[in-house]
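Here are my notes on the structure, as numbered points. Please read them with the model open beside you.

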Amino acid sequence: DFVADDPFWYAPTESVSSVSIAASTTTFSIVNTGTAKTPPRIEFQAVSNSRQHLKLTNTTIGLFIESSSTVASGTLLTFDHDAYTVTLGTSNAIGDFSGSFFLLEPGTNNFEYTGPSSLSARVYWTPRYA
């Protein structure tokens with residue numbers, strides 16, 4: 001008998017999409033070129049001053065992540081949808097989290113950001129193939 005702990009094939013490199021958030025409502029799309037759903041890692045970084053209460057909705061599937069953490073300039077707020085963790089710098093920030101960890105759909109995923117402006121966002125994912 002053959003047992004596969006992980007039934008997917010993975011792309012050899014991680015994909016990344018960077019977004020500059022200059023308005024309190026910003027929409028953008030990313031394309032998962034894989035044929036299976038895959039967990040993203042999403043990072044927000046304040047460009048200036050401290051920012052708090054941000055929300056990112058994957059409008060393709062209707063799920064969102066939200067944080068009430070204060071993000072100081074240069075600090076990363078990271079949502080790891082594979083490990084189910086939220087960190088602010090090196091500190092655990094799961095207590096300020098609401099919403100749902102989600103998987104990116106194969107193909108185009110549309111996002112809507114709402115919250116303070118003057119942030120940068122990066123979405124990382126590794127395409128998976130069934």
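1. The largest nonpolar core has 24 residues, and Ile42, Phe44, Leu56 and Phe79 touch the most other members. A nonpolar core here is a set of buried Ala, Val, Leu, Ile, Met, Phe, Trp, Tyr and Cys residues joined through side-chain atoms within 4.5 Å. Buried means under 20% relative accessible area, exposed means over 50%, and partly exposed lies in between (1.4 Å probe, protein chains only). Two or more residues of this core come from each of E2 (15-21), E3, E4 (41-46), E5 (54-58), E7 (76-80), E11 (107-114) and E12 (119-125). Strand E12 gives the largest share, 4 residues. In soluble globular proteins, nonpolar side chains tend to be buried together.

2. The model is predicted: local features need pLDDT of at least 70 and side-chain atom pairs count only at pLDDT 80 or more, while totals for chains, interfaces and linings use all residues. Residues are numbered from 1 along each chain as its sequence is written, and side-chain values use heavy atoms, with hydrogens and water left out.

3. Which residues does isoleucine 42 touch, leaving aside those up to four places away in sequence? They are Leu56, Ile65, Leu77, Thr78, Phe79, His81, Phe102, Arg122 and Val123. Contact means heavy atoms within 4.5 Å.

4. The protein has 13 strands and 0 helices. Both are DSSP runs numbered from the N terminus: helices are H or I with at least four residues, strands are E with at least two. Of the contacts between residues at least 6 apart in sequence, 75% join residues at least 24 apart.

5. An open sheet is formed by 5 strands in the order E3-E11-E5-E6-E10, with antiparallel pairing. Two strands count as paired if DSSP finds at least two bridges between them. Strands E3 (25-32) and E10 (97-99) are at the edges with a single partner strand each, so one side of each has no neighbour in the sheet. On average, neighbouring strands of this sheet are turned by 20° against each other, direction ignored. For such angles, axes are lines fitted to C-alpha atoms (for helices over the stretch in contact), and angles run from 0 to 180 degrees between N-to-C directions.

6. Strand E6 (residues 63-67) pairs with E10 in the antiparallel sense over 3 bridges. Glutamate 66 stands opposite serine 98 in E10.

7. Glutamate 112 belongs to strand E11 and is partly exposed, at 32% relative accessible area. Beyond four places in sequence, glutamate 112 touches Thr25, Thr26, Thr27, Lys55, Leu56, Thr57 and Thr59.

8. Is proline 39 buried or exposed? With a relative accessible area of 16%, proline 39 is buried, and its place is in the loop between E3 and E4. Not counting residues up to four places away in sequence, proline 39 touches His81, Asp82, Phe102, Leu103, Tyr124, Trp125 and Arg128.

9. For overall size, the C-alpha trace spans about 55 × 30 × 25 Å along its principal axes. Of the 130 residues, 38% count as buried.
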